[in-house]
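Reader: I have a structure on my screen and would like to talk it through with you. Could you show it here so that we can go over it together?

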Amino acid sequence: MPAETAQSASGEAVHPTHHPMIGIVAVLLGAMIATAQGRLLSVGLPDLRGALGLGADEASWLGTAFNAATMFIGPFSVYLGGLLGPRRVLMACSALYTVIAFFLPFSGGLPMMLVLLALAGLTAGTFYPLTLSFILRNLPMRYVLFGIAVYGADVVFTTHIAHSTEAILVGNLSWRWIFWFGALLTPVMLLCVHFGIAPQPLPQPKPGQPRPNWRGFLYFSLGAALIYTALDQGQRLDWWNSRTFIALLASGLFLWTTALVRRMMEPNPLINLRFLLRRNVIFLAVLLAAFRFLLLSTVVLLPSFLASVHGYRPEETGPVLLWIALPQVLAGLLGIWLLGRIDSRLVLGIGFTLIAIGCLLNAQLDAQWAGSSFWPSQLVLAMGQGIALNGLVGSIILEVVNSGAIQQPINALTFSGFFQTVRLMGGELGVAFMQHWISLREQTHSNLLGLHVQMADPATQHRLRLLQGGMTPHSTGTSEAAARAGALLTLQVRQQAFTLSIADCFLTLAWASVAALCVLACVGVMKIGFREAKAANPS
């Protein structure tokens, strides 16, 4: 259909010089840039440490600075989008991000780099909620399923190609491209926003309506950023044994309480919290947090196992994760095909079931498993994650349609900001839990294995003799060979304990999938599905 006659899902005319398909490209690039920068910082941390001469504790703040700023701006984007309109915010932030990312490698020291990373996070953090609000408000219904497919494939694909991308950038160019990669894409995104999202007049408060207020947003956003920082640094700081962790968490919770009290005393016309109290909104938020937790099966557990047990570098881990990234695209298309024909809850249920099966397959791993050993389970996980994500995003958009929020910009912005907050905070809660769980299970298995590895045990002595025989040609004498054999046995025990802890974590994720299916059973029936929505809005 020509752009001149295109209609939005809410029935509003699309500006004749702007086409929604270009807006979809903006959505794709926005999600890609925000996801890629966070993942590249995580994967490329060892290379950044070496290039910048940073210690482990100092370098850990690089990712925290960017991600905490992204967490801050997520809720605050609701205020900015409602006050200025999504188009103005996205264009300004994409331009600023380009400049900031370009100068990041020349920051000259850790303090300035942390400041610039925080500014980069503030700009990139607007891409997710505001581009998603574009899908909700301005995309004709016949394009919505395509938009979901692009959005879902982009998020999971970008997440899983980070290792390969980082290896290519650092191996063939330099560590600076960890920051410059996104700066190459944001100018293209800016152009897509310019030609794909029609300009809108500045929103004007209605007579008698309260004036927009930024303080409540500031309190909530700052509280969310502090809580995110506490969770991100919790494992390194030793949780409740650290005064820094307690201070960050207490300050964040206090600011959240302050924001709630202020919201009750002085309503803000740019947010509608009542809309978020709907039954399906709450359950879908729980499912989004669960999906982010389940993504750790490939984002955290698999790379950690390959790196710790087999010493894989990013360039070696990358091909293993590509095996899940490529089938996810096809799985996403299958999920979209199913969304147009069956209940979105069934699509989501199929995805979670496949994820549970993939995690159960991986729970059988042992220390001999290498990259190719994971291919069967990775294929199942790829199908599950691709279908589940599209089913989840489709369910979220259908909830907007069924609730009528698609005709109300404030509800659509509130919805987007809420789910951006859940996406980030839920993901960080999952990471924090998994890091702590891996550590606890590793300690448990190490202690249990240690009970069976006694120096007086004949099996232990036999193993030491075999290891000593292997070390003798590489040692100056018998005593050195014996010492090396003892060290190697200790390393093998640690590797086995870590392997068992990873297997336990995969089993935990399988049970989490079952729990997600139970929550899914509580999601109410949506009267309007994609078939009905397309029939009602054929344009």
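Reader: How many helices and how many strands does the protein have?

Author: Helices (H or I, at least four residues) and strands (E, at least two) are DSSP runs, numbered from the N terminus. This is a predicted model, where local features need pLDDT of at least 70, side-chain atom pairs count only at pLDDT 80 or more, and totals for chains, interfaces and linings use all residues. Residues are numbered from 1 along each chain as its sequence is written, and side-chain values use heavy atoms, with hydrogens and water left out. On that basis, the protein has 20 helices and zero strands.

Reader: What percentage of the residues is buried?

Author: A residue is buried at under 20% relative accessible area, exposed at over 50% and partly exposed in between (1.4 Å probe, protein chains only). Of the 539 residues in the protein, the buried share is 53%.

Reader: Which aromatic pair involves Trp 239, and what is its geometry?

Author: Rings of Phe, Tyr and Trp (its six-membered ring) pair if their centres lie within 6.5 Å; planes under 30 degrees apart count as stacked, over 60 as edge-to-face and the rest as tilted. The whole structure holds 15 aromatic pairs. One of them joins Trp 239 to Phe 245, with 5.4 Å centre to centre and 85° between the planes, making the geometry edge-to-face.

Reader: Why is the pair of Phe 305 and Phe 374 edge-to-face?

Author: The two ring centres of Phe 305 and Phe 374 are 5.7 Å apart. Their planes meet at 70°, so the pair counts as edge-to-face.

Reader: Where in the chain do Phe 305 and Phe 374 sit?

Author: Both residues are buried, and their pair links distant parts of the chain, 69 residues apart. Phe 305 belongs to helix H13 (residues 296-310), while Phe 374 is in the loop between helix H15 (344-362) and helix H16 (375-403).

Reader: Is Asp 238 buried, partly exposed or exposed?

Author: Asp 238 is found in the loop between helix H10 (215-237) and helix H11 (243-265). Its phi is near 70°, a positive value in a residue other than glycine. With a relative accessibility of 41%, Asp 238 is partly exposed.

Reader: And what about Trp 239: buried or exposed?

Author: Trp 239 also lies in the loop between H10 and H11, and it has a positive phi of about 50° although it is not a glycine. Its relative accessible area is 15%, so Trp 239 is buried.
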